[in-house]
Amino acid sequence: MKTLLTSMAFLCCAHQAVASNLESTISQSLPKLEALYLHLHQNPELSMQEKQTGARLADELTALGFEVTERVGGYGVVGLMKNGDGPTVMIRADTDGLPIIEQTGKPYASKIRVKDANNNLVGVMHGCGHDIHMTSFIGAAEQLVKRKQQWQGTLMMVAQPAEEVGAGAKAMLKEGLFSKFAKPDHVLGLHVSASLPAGKVAISPGYALANVDSVDITVKGQGGHGAYPHTTIDPIVLASRIVLGIQTITSREVSPLKPSVITVGSIHGGSKHNIISNEVKLQLTLRSYDREVRDQQIAALKRLTKGVALSAGLPPEQAPVVHVHESESIPSTYNAPALANAVTASIKNELGAENVVKAEPVMAGEDFGLYGRTDDNIPITIFWLGGVEPQAYADAQKQGTSLPSLHSSKFAPDYPLALKTGVRAMTASALDLFNQK
């Protein structure tokens with residue numbers, strides 16, 4: 001049996017023959033797609049609140065002829081199009097925005113203000129490119145519908161909510177995404193890059209994004225007057241020792257050949273200059289690729305914090321409490337190498353080899369990885385879509401300056417070029433997967 005990549009090679013010549021036609025038809029659709037992008041950009045919704053966004057995407061898919069189901073796993077949307085016998089190809093886009101006040105200065109900047117879960121008034125912005133993801137998603141669906149005579153199988157379009165809080169993929173899978181609707185043979189996704197020029201694509205076979213865990217540590221002590229520290233067990237000192245000790249987990253316990261990051265992002269304790277408090281709270285983020293490293297990090301945190309407390313004379317019942325937010329944990333994203341290589345070949349055929357580069361794995365997280373962590377071990381691949389205006393990218397490279405990152409209030413992708421590239425790349429990849437031998 002031929003490998004997936006070998007099968008793609010047989011399609012190369014035929015694909016090149018239709019590439020110019022694909023680019024032409026996408027160009028014709030761009031005005032409508034850009035209007036959709038601007039609507040989504042100006043009307044972002046926070047995680048778990050994507051009601052109007054989901055409804056708009058459902059309307060778009062319905063108009064294209066998909067069998068659409070709304071409110072899957074919250075405000076998720078599933079669109080199915082059956083087109084004869086063949087593989088099932090799933091394309092996923094995430095839909096939620098971030099609590100950021102946009103400061104791009106663009107005339108189409110988001111002006112949305114809402115109350116968050118803590119009743120605080122916050123801005124809302126698509127600061128992670130999800131508006132690009134959704135628009136490319138609809139653009140690819142449109143192109144594949146127009147080319148139904150060129151493929152056979154089932155096209156599964158999944159608009160997923162709540163990616164930013166690591167909850168959307170879990171919720172959709174829990175509601176039977178792969179049992180009630182369809183079980184995909186391949187899952188594709190894309191993500192805008194704030195460090196790659198628009199018009200280019202980057203792919204990382206194998207590990208692409210990290211395991212992510214949020215951890216709270218409550219450090220207990222015995223408080224008292226700041227003038228008599230000898231009568232207390234100071235939790236601020238204990239917390240400081242813990243923060244420094246944590247650095248040795250990665251440097252001295254985890255293999256140097258295994259990526260590991262443990263970052264203390266927040267430390268709070270005390271109320272006044274001369275009061276030694278009873279407790280200090282730490283908030284950490286843990287990153288890794290291997291599940292074994294993730295488990296090692298957590299076990300080490302529990303052992304180290306307990307040891308510091310005991311060494312200070314605290315009784316065992318006052319040991320620090322290490323709480324892992326399991327509901328927010330997401331696994332690393334592993335791009336199935338055969339699928340990633342096949343997608344790379346498809347996109348090179350469509351965009352030109354000079355516009356496709358190999359990406360390095362990053363320590364950011366994405367719940368896209370969950371789609372490949374089912375009992376069926378479904379192959380998945382997500383690729384990076386360049387979002388930086390090419391001249392701005394070239395200037396930054398020349399001058400050695402930094403560009404606005406994802407989640408920045410000033411991140412403004414070159415959306416016309418990014419959208420055209422995203423639709424071309426995703427459509428070409430899906431067509432080839434449908435037609436693999």
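Me: A crossing is left-handed if the near helix is turned anticlockwise from the far one by less than a right angle, and right-handed if clockwise. The model is predicted, so to speak of local features takes pLDDT of at least 70 and side-chain atom pairs count only at pLDDT 80 or more, while totals for chains, interfaces and linings use all residues. Numbering runs from 1 along each chain as its sequence is written, and side-chain values use heavy atoms, with hydrogens and water left out. In which hand does helix 2 pass helix 3?

Reply: Helices (H or I, at least four residues) and strands (E, at least two) are DSSP runs, numbered from the N terminus. Helix 2 spans residues 51-63 and helix 3 spans 130-146. Their crossing is right-handed.

Me: Are helix 2 and helix 3 roughly parallel or oblique?

Reply: Axes are lines fitted to C-alpha atoms, for helices over the stretch in contact, and angles run from 0 to 180 degrees between N-to-C directions. Here the angle is about 15°, with the axes 10 Å apart. Under 35 degrees counts as roughly parallel, over 145 as roughly antiparallel, 65 to 115 as roughly perpendicular and the rest as oblique. The pair is therefore roughly parallel.

Me: Which residues of helix 3 make the contact with helix 2?

Reply: Contact means heavy atoms within 4.5 Å. Helix 2 brings Thr53, Leu57, Glu60 and Leu61. Helix 3 answers with Met134, Phe137, Ile138 and Ala141.

Me: How are helix 6 and helix 7 set to each other?

Reply: Helix 6 covers residues 235-253, and helix 7 covers 291-311. Their crossing is right-handed. The axes come within 10 Å and cross at roughly 140°. The two helices are therefore oblique.

Me: How many charged residues are in the contact of helix 6 with helix 7?

Reply: Ala, Val, Leu, Ile, Met, Phe, Trp, Tyr, Cys and Pro count as nonpolar, Asp, Glu, Lys and Arg as charged, and the others, Gly among them, as polar. Among the residues that meet are Arg241 and Glu253 in helix 6 and Arg303 in helix 7. The contact has eight nonpolar residues, six polar and, charged, three.
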